[in-house]
Amino acid sequence: MRLVFAMTLTTQKAATRVEALPISTLYQQVRARTLEIVAPLEIEDYVVQTAEFMSPPRWHIGHTSWFFETVLQKYQPGYKTYSEDFLFFFNSYYEGFGQRIERPKRGTRSRPTVAETVAYRTHIDEHMARFIEQVSHHAEAENILQILRLGLEHEMQHQELLVYDIKHLLCDQFDAPIAAAPRAIETVSGMAEVDGGLFELGYRAGRDAAEPPAGMRAPHFAFDNEKPLHKVFLQDFLIDRAPVSNDDYLEFMKDGGYQNFRWWHSTGWERVNTEQWQAPLYWEQKDGEWMIRDFAGLHQVKDKLNEPVSHVSFLEASAYAKWAGKRLPTEAEWEKAASFSPALNSTREFPWGDAPPGENLGNLFENGLWGVAPIGSFPQGQSPYGCQQMIGDVWEWTTSDYTPYPGFKSEFDEYNDKWFVGQKVLRGGSFATPRVHIRTTYRNFFHPEERWMVSGFRCAKDR
Ligand SMILES: [Fe+2]
């Protein structure tokens, strides 16, 4: 029996700037999309945890509501906590918000039930609707608007995690509403030449100053970890015009990539041996032939050669790059190749310019593919250097450690700042990233051995 949600589908198809939307509309759209994503699940699917690193769908539904309940607790006078038990079960890792269930145990309980969790979500939405209606009268209105936007960006991060987790849970057993994949319009090969020199890395505050948000409209947004804008020096470099494809990666595998220690970092070689890695996650062998399982089913790799390789760890990406006689780009190199226009001598918000992402510019969640698109499907989305598919399809590993930029100031305790150790930066978003959630300056981060998320890469080289 499937849960039927009363909310209507409000996936935003048009490429309007999110800052043009009232915050109440953005709130409704984002909250509705979480329920759209889980709609094809059966009730039993909501509570199962298939690995320590994933969370059951029920937990995401409750946790994203918990985030908004903390806003109500702080800013809505007289708000009564819904349930102390729910606070415990749906807090993720925030020490400042009290005790919480350990992450690996999120799937060990059948209560709160899915129906109770959805009722909690509805309760929070009702209170939030009234709260947002009156927020303009609040003394801290501007600050609250920023927190609301953060709460929605947080929810979009969880929407993407839901896609990863549902894939891990069900993969092709999930009845995803998959749209037809685009065809490659052109062949994309070779490397782009990028000149070095001083480059301003990070989010440019006031980028949209010409159109300041008015009234209760969604404020401009970037995470604190993308700031401040600062100068870095780059050497001249080359960077792949396209992500590394399954075809490329299969060559590495056929050449004994997983059998030869010389391509691997020490921790990578250790993983290859302890985890028996022989291929990316979701690849399996059938009658001696490599197959890829995704939301659409089980496919022969030879039918997917021209697609970006995905579900590889940093360790595998690095090994491939070494084998190919290349290296991974730094995040500054990636960002320059994605955002800098030599003709304008400035950066833009996206590879194609400052217009928000649309259907023909990159493969993001709203494209509805639930998978990667062939390389060469989005020539209109290329950067001035001719790099394609930098936004969407797969998050791209960089060689950069996830650390604060010089001058970093935390804007929200425990959100980004507590993760500044032991992780690598990925850039560009994936097919599971909502359009309003991505920018070229966005810094995602995962541990080097993780690969259940939609992660791929492109290589760079010194000139
Ligand atoms: Fe969270």
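This is a predicted model: local features need pLDDT of at least 70, side-chain atom pairs count only at pLDDT 80 or more; totals for chains, interfaces and linings use all residues.
Start by selecting A321, which lies in helix α8 (residues 314-323). Helices (H or I, at least four residues) and strands (E, at least two) are DSSP runs, numbered from the N terminus. A321 has 2% relative accessibility and counts as buried; buried means under 20% relative accessible area, exposed over 50%, and partly exposed in between, with a 1.4 Å probe and protein chains only.

Residues are numbered from 1 along each chain as its sequence is written, and side-chain values use heavy atoms, with hydrogens and water left out.

**Stop 1: the iron ion**

Which residues coordinate the iron ion? They are H63, H154 and H158, each through its NE2 atom, at 2.2 Å. Donors here are N, O and S atoms within 2.8 Å of the metal (3.2 Å for Na, K and Ca); water is not among the atoms, so sites may look incomplete. Along the sequence, the donor residues follow the spacing H-x90-H-x3-H. H154 and H158 are four residues apart in helix α5, so about one helical turn separates them. Are these two buried or exposed? H154 is buried, with a relative accessible area of 3%, and H158 counts as buried too, at 9%.

**Stop 2: two helices side by side**

Next, colour helix α2 (residues 57-75) and helix α5 (residues 141-169). Their axes come within 9 Å and cross at roughly 170°. Axes are lines fitted to C-alpha atoms, for helices over the stretch in contact, and angles run from 0 to 180 degrees between N-to-C directions. The two helices are therefore roughly antiparallel to each other; angles under 35 degrees count as roughly parallel, over 145 as roughly antiparallel, 65 to 115 as roughly perpendicular and the rest as oblique. The contact of α2 with α5 is made up of 15 nonpolar, seven polar and two charged residues. In this grouping, Ala, Val, Leu, Ile, Met, Phe, Trp, Tyr, Cys and Pro count as nonpolar, Asp, Glu, Lys and Arg as charged, and the others, Gly among them, as polar.

**Stop 3: pockets and a cavity**

On a 1 Å grid over the protein atoms alone, a cavity is a set of points where a 1.4 Å probe fits but cannot get out, and a pocket is an open set with protein on both sides within 12 Å along at least five of seven lines; lining residues have an atom within 4 Å of a point. Grid points are joined across faces, edges and corners, and a volume is the space filled by probe spheres set on the points.

The largest pocket holds about 810 Å³ of space. To find its centre, select Y93, R103, L161, F445 and F446, the closest to it of the 36 lining residues. Helix α5 provides the largest share of this lining, seven residues.

For the second largest pocket, with a volume of about 490 Å³, select I147, L150, E411, F412 and D413, which lie nearest its centre among 24 lining residues. Here the largest share of the lining, five residues, comes from α2.

How many cavities of 30 Å³ or more does a search of the whole structure find? There are four. The second largest cavity contains about 160 Å³ of space; K167, I292, D294, S310 and V372 are the nearest to its centre of 17 lining residues. Strand β6 (residues 289-294) gives the most to that lining, with three residues.

**Stop 4: an enclosed helix**

Now pick helix α9 (residues 331-339). Nine of its nine residues are buried, so α9 is largely enclosed by the rest of the structure. W334 is one of these buried residues.

**Stop 5: backbone details in loops**

Finish with the loops. Q276, in the loop between α7 (266-274) and β5 (283-286), is not a glycine, yet has a positive phi of about 55°. Q276 is exposed, at 58% relative accessible area. D393, in the loop between β9 (346-347) and β10 (395-401), also has a positive phi, near 65°, but D393 is buried, at 0%.
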